Amino acid sequence: MCLQLIIYSTLKKLGIRQNDTNFEDLVQEGWLLFVAIYQKYPQEPTEAPKQFLAYAHRALYRSFLNQLQAKRREAKYLEESEVDLSGVPQPLDVHADMADADLLKGWLGKCNEAERRFLIDRIYYQLTPTEIGKKWGVSRQTVYKWQKRIRNKLMD
C-alpha cells in the first residue's frame, strides 16, 4: 500500500492523473523500478524506512521524468517527420497496397508512438497481442488498452 502511494504521489507531482493515457503503464513501470531502487539503496531499507521512502520517491520521480522527456522528444520528432513505411513488408497487390498505405498513414497520424507500433505490428506483421507484448516488453493488458484507444480514436 505504501509503495502504491509513493508511485501515485510521484505521478501526481509530474502532473499525470488517472485519466492520462500513460498512467497505467507508468504505474506498472513504477512497480518494476521500485525493485531496482530497493536493491540499489546503499543501506538496509528496513533500518531507516523514512529515509528510504524519500530516496525511493526521488528516484522514481527522476526515472519517470527521464521517460516522459524521452517520449516527448520522440513525439516531437515524429510530428516533424513523415511516417516512413519503407521497412514494412508490402503485399504484391499494388493498388490495394497504395490504398492501404494511405489509410494506415492517416491512422498513424492520429496515434501516439505506442499505438503506431501496435498498428504496424498488428496489420503488417500480423502479430498477436501476446507477441506484440513480448516484442515491446509490456503486458497483454497494455496491448489491449492500445487497441481500445486506437479503436476509440478511429471511431471519432
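The largest nonpolar core here has 19 residues, and Ile7, Leu11, Ile16, Ile37, Leu60 and Phe64 have the most contacts inside it. A nonpolar core is a set of buried Ala, Val, Leu, Ile, Met, Phe, Trp, Tyr and Cys residues joined through side-chain atoms within 4.5 Å; buried means under 20% relative accessible area, exposed over 50% (1.4 Å probe, protein chains only).

The model is predicted: local features need pLDDT of at least 70, side-chain atom pairs count only at pLDDT 80 or more, and totals for chains, interfaces and linings use all residues. Residues are numbered from 1 along each chain as its sequence is written, and side-chain values use heavy atoms, with hydrogens and water left out.

**Exercise 1.** Work out which side of α7 (residues 140-155) is buried.

*Step 1.* List the buried residues: Thr142, Val143, Trp146, Arg149 and Ile150.
*Step 2.* These sit on the same side of α7, because they cover an arc of only 120 degrees around the axis (taken from the directions from the helix axis to the C-beta atoms).
*Step 3.* Check the other side of α7: Gln141, Lys148 and Met155 are exposed there.
*Step 4.* Finally, see what the buried residues pack against: α2 (23-40), α5 (113-123) and α6 (129-136), with contact meaning heavy atoms within 4.5 Å.

Notes
Helix = DSSP H or I, 4+ residues; strand = E, 2+ residues; numbered from the N terminus. Expected span 1.5 Å × (residues − 1).
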